[in-house]
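Q: Can you walk me through this one? I'd like to talk about charges and one of the helices.

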Amino acid sequence: MPDPTSGRPPRWCGAAAGPPAEPDAFVGRRAELGALARALGAARLVTVTGTGGVGKSRLAARAAARWAAAGGRSGADPETPRAWARVDLAPLRDADLVDHAVVEALDLTDHTARTPRETLLALPRVLGFAGPGETDRAEGADGADGARAAAGPRLLLVLDGFEHLADACADLVAELLRRVPQVRVLAVGRKPLGVAGERLFPLDPPAEDEAVRLLIARAAQHGVRVEAADPAVREVCRRLDRLPLAVELAAGRLRTLPPARLLERLDDRFRLLTGGPRDTLPRHRTLRTAIGWSHELCTPEQRLLWARLSVFTGPFDPEAAEYVCGGLGLPADDVLDVLGELVAQSVVAREETAAGPRLRMLDTVRAYGAGWLAATGDAERLRRRHRDWYVGLATWCELEWFSPRQTEVAARIETELPNLRSALEYCVTGPGEARLAQYLAGCLWFCWAGCGRLAEGRHWLARAVALDGGHEPSRLKALWVLAYVAILQGDTGPALAALQECRDVAESAASATALAYAEHRTGCLALVTDDMERAERLLRSALERYREIGELNSTVLMGQVELAMTRAFQGDLADAVRLCEDVRRVCDDHGERWSRAYALYVLAYAAWHEGRLGYARDLLVDCLTDTHGFHDLLGSVLAVELLALVTVSEGDAAEAAVLQGAAGGMWASVGLRLFGSVHYNAPHELCEARARERLGDARYEARVREGAGLGREAAVARALGRAGRRPLRALPGPRGRAGTGSPHTRQPAASPTRKGGETAG
């Protein structure tokens, strides 16, 4: 589990996590929570349905947290931990990304060429929900037999806002329920999923007394005191059909309108809409009327900003709103003031993210604004400005990846991913946008390769390079990044094809930069396929090309680490140490942690070879802490493998076998174990031979099975635990230079490169 002191929210939550973090107090719904808990106990798929604004999402999140906390109580198996995860599907528009979104929410880093669906079907092994020997039975079992084969459902997946992606979600849920008996699903939407075995949980508005309590509580947040005894307060709740979202919007108006006056304005609005009594409206019309009424009470500037903010598909910061939404009737200098007014009126909400506080519109409110934006005829211009901002943000993040802000960049990219997806979708589908599609997909290489999102990166890169953009530099970069991702997934055929095309076009276009990167990645492929002489020749040539064009970034330094590996595998450890010490020095000078971690891995191997076991362990703990923090599964599993060798060399053969088993479970999400490489496999074989000799085959295999039963988090905790270090799911803090303040990029323009050549790799 994530470090609770880190401030970075977990992507999935166990019982100890408690109720979900909420910007304001959860009011009432005790009866509904109890009924939903009983429904979850009786069915593996429960769908909470109801009109927009009725409170489905918050009730589901609260119920999921209670379900996880109930593990070990009320007759449940105390040895069966429970966890839950929420997948926010509202920002998605591409049904092909549903599986990616679930993988992301579950933090299932997977470096193989396996599809996200296949990764999800391996949940028992990846998360350690199945004990040793259980996994195969769980993955292949159906229905009741599958439930008996495993130790009962242990993960509750909350699919929130699925209705616009209902077919894709239904297909996923049906297969998960059939193939993974450890999973239950709590779906949240305005209609049923339509999957066999689904139990519906229709949610009505809260009782009148609870609605009144909600109005009073939210008014108090705005510094307004109202009394339950005031007849107007109760009547406002009745007029709004007790819908929580409508009640909260009304509470935001009590700063300027007392309850009686607010009630008059509501009555006027309903009469205008229906020409008759309020009770002729269905609930969905009530909500739209309440939102429309709140919209009418806004100033023209507030209404304009409300419409323009609808272009954001996830959390956004004030600077983004200022750039995207400013101009043409709303001066950029006024945006922040108007935005603050919308926050005060509960039109825009604050929320905490991995990158710090952000702003967000609820989907129902956003949809209303999007309708107005379309009516103004300004939607296309706003989408272009949104694209420009996030292209600029990606450019800034790529530059700052090679800096003390590297960890801030990783957290920010995680937070901005919904909006980056929107920008990518706009670029790959819009006419004349191919060049920017290739630029943006390539620019985010560090997100795909460095932060564990290979499958999604390949999705966007493949779509981008298939387009004819007419701009060779952008396409060449997308090609070598696509090859890099495919190499990391162990998919050599497509990698070679992309590299060959990149090199051929680069030679004809005389692009020294693209040639350097193509040669580098070809050398990397030779390294993992045991062609050491060719790998060394290509990597040396690529590094020389980088020097000639003045290129220095994390990718260049990784090339030097890879060259060091070729030297180490050919027996020249002294040269490998020299190369990696140089990388470590440059990384420390720049505050870089990702490439540095791989240099530490090579230095640890050399230290072990020299018998400096304590030093080797220290280096590997540092390496593993950083790679795990970046969700870099390859770096993590390499560190665990080498820690096993260090551990057996220290005399603890049993613990070394556990670590080998844990690494084996992690390799399933990386690809071919140790790349199928004789050189990478040699330390593993040596560790196994020593451990078997000391333990005997039976004890060795039993300890390996123990390690294989650990989930990824537990495996890293075990590896770091011997050194008294906790596994930090929080991103590692900056090292080296100070100065990690948040960027204030009011323009989306890119900064120049540090040393010429491509923007930071």
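What follows is a short chat on salt bridges, a helix and a surface patch.

A: This is a predicted model, where local features need pLDDT of at least 70, side-chain atom pairs count only at pLDDT 80 or more, and totals for chains, interfaces and linings use all residues. Residues are numbered from 1 along each chain as its sequence is written, and side-chain values use heavy atoms, with hydrogens and water left out.

Q: How many salt bridges does the structure hold?

A: 59. A salt bridge here is a side-chain nitrogen of Lys or Arg within 4 Å of a carboxyl oxygen of Asp or Glu.

Q: What does Arg 463 pair with?

A: Glu 425, with the closest N and O atoms 3.2 Å apart. Arg 463 lies in helix 22 and Glu 425 in helix 19, so the pair ties together parts 38 residues apart in sequence. Helices are DSSP runs (H or I, at least four residues), numbered from the N terminus.

Q: And Arg 458, what does that side chain meet?

A: Asp 491, at 2.9 Å, N to O. Arg 458 is in helix 22 and Asp 491 in the loop between helix 23 and helix 24, so this pair links parts 33 residues apart in sequence.

Q: Is Asp 491 buried or partly exposed?

A: Partly exposed, because its relative accessible area is 22%. Buried means under 20%, exposed over 50%, partly exposed in between (1.4 Å probe, protein chains only).

Q: New topic. Which residues are buried in helix 10?

A: Ala 232, Val 233, Glu 235, Val 236, Cys 237 and Arg 239. Glu 235 and Arg 239 also belong to a salt-bridge network with Glu 208, Asp 209, Arg 234 and Arg 238.

Q: What comes just after helix 10?

A: Asp 241, with a positive phi of about 60 degrees.

How values were computed: Helices (H or I, at least four residues) and strands (E, at least two) are DSSP runs, numbered from the N terminus.
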